[in-house]
Amino acid sequence: LGRALNGKKDERYEQAYIAIDALFGEITGIGESININLLNIIEESNQKKKISSLWKIRCALLHGGILTMRDSIDYRKYYKNFGTYPEDDVLDIAFLCLQKSVSYFNSEKYNKIKKNRIKKTFLNKIKSKIILFRKKIINK
């Protein structure tokens with residue numbers, strides 16, 4: 001977050017999202033895990049659209065869809081819809097996440113999310129092994 005505070009606007013956005021990703025990102029389902037955890041930390045029902053919009057801008061910026069945030073149609077829509085700049089909001093959210101993360105990671109809500117994700121990953125691994133096993137039997 002230190003880089004997010006001192007960087008240019010585009011860099012602030014990227015660095016703040018990297019901090020959020022470090023807190024909540026998982027190897028599989030990064031977007032889902034980050035968005036679910038953000039919604040649980042922020043705990044405001046009207047934030048779902050805001051988080052979704054911030055995620056779209058993040059993906060376009062980090063994966064090469066745009067060169068700067070202001071090149072994004074979603075950036076202009078964000079300001080029009082919410083009256084704030086995405087780079088400011090994502091920085092505020094990153095600090096809020098850092099502030100609340102210790103109590104959140106120890107909460108029942110987080111443990112339930114984590115158990116469900118582990119269960120899904122485990123079931124997907126079992127399905128993959130069954131499919132491979134069937135292919136081996138068919139090819140014999």
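Predicted model: local features only at pLDDT ≥ 70, side-chain atom pairs only at ≥ 80, totals over all residues.
Among contacts in the protein chain between residues at least 6 apart in sequence, 61% join residues at least 24 apart.

**The whole chain.** Display the protein chain as a cartoon. Its secondary structure consists of seven helices and zero strands, so that the order from the N terminus reads α-α-α-α-α-α-α. Next, show the surface: the chain exposes about 9,400 Å², of which carbon and sulfur atoms supply 57%. Of the 140 residues in the chain, 34% are buried.

**First stop: Lys 50 and Asp 89.** Select these two residues and show their side chains. They form a salt bridge, in which the closest N and O atoms are 3.4 Å apart. Lys 50 belongs to helix H4 (residues 48-62) and Asp 89 to helix H6 (residues 86-105), so the pair ties together parts that are 39 residues apart in sequence. Both Lys 50 and Asp 89 are buried. The count of salt bridges in this model comes to one.

**Second stop: Ser 72.** Now select Ser 72, which is found in the loop between H4 and helix H5 (73-82). Is Ser 72 buried or exposed? Its relative accessible area is 4%, and because buried means under 20%, Ser 72 is buried. Show the side chain of Ser 72 and follow it to the backbone nitrogen of Asp 74, which it reaches at 3.0 Å.

Definitions and conventions. Residues numbered from 1 in each chain as written. Heavy atoms only, no water. Salt bridge = Lys/Arg side-chain N within 4 Å of Asp/Glu carboxyl O. Helix = DSSP H or I, 4+ residues; strand = E, 2+ residues; numbered from the N terminus. Buried < 20%, exposed > 50% of the residue type's maximum accessible area, 1.4 Å probe, protein only. Contact = heavy atoms within 4.5 Å. Areas by Shrake-Rupley, 256 points an atom, 1.4 Å probe, with all protein chains shown as cover. Polar contact = N/O pair within 3.5 Å; in protein donor to acceptor, adjacent residues only side chain to side chain.
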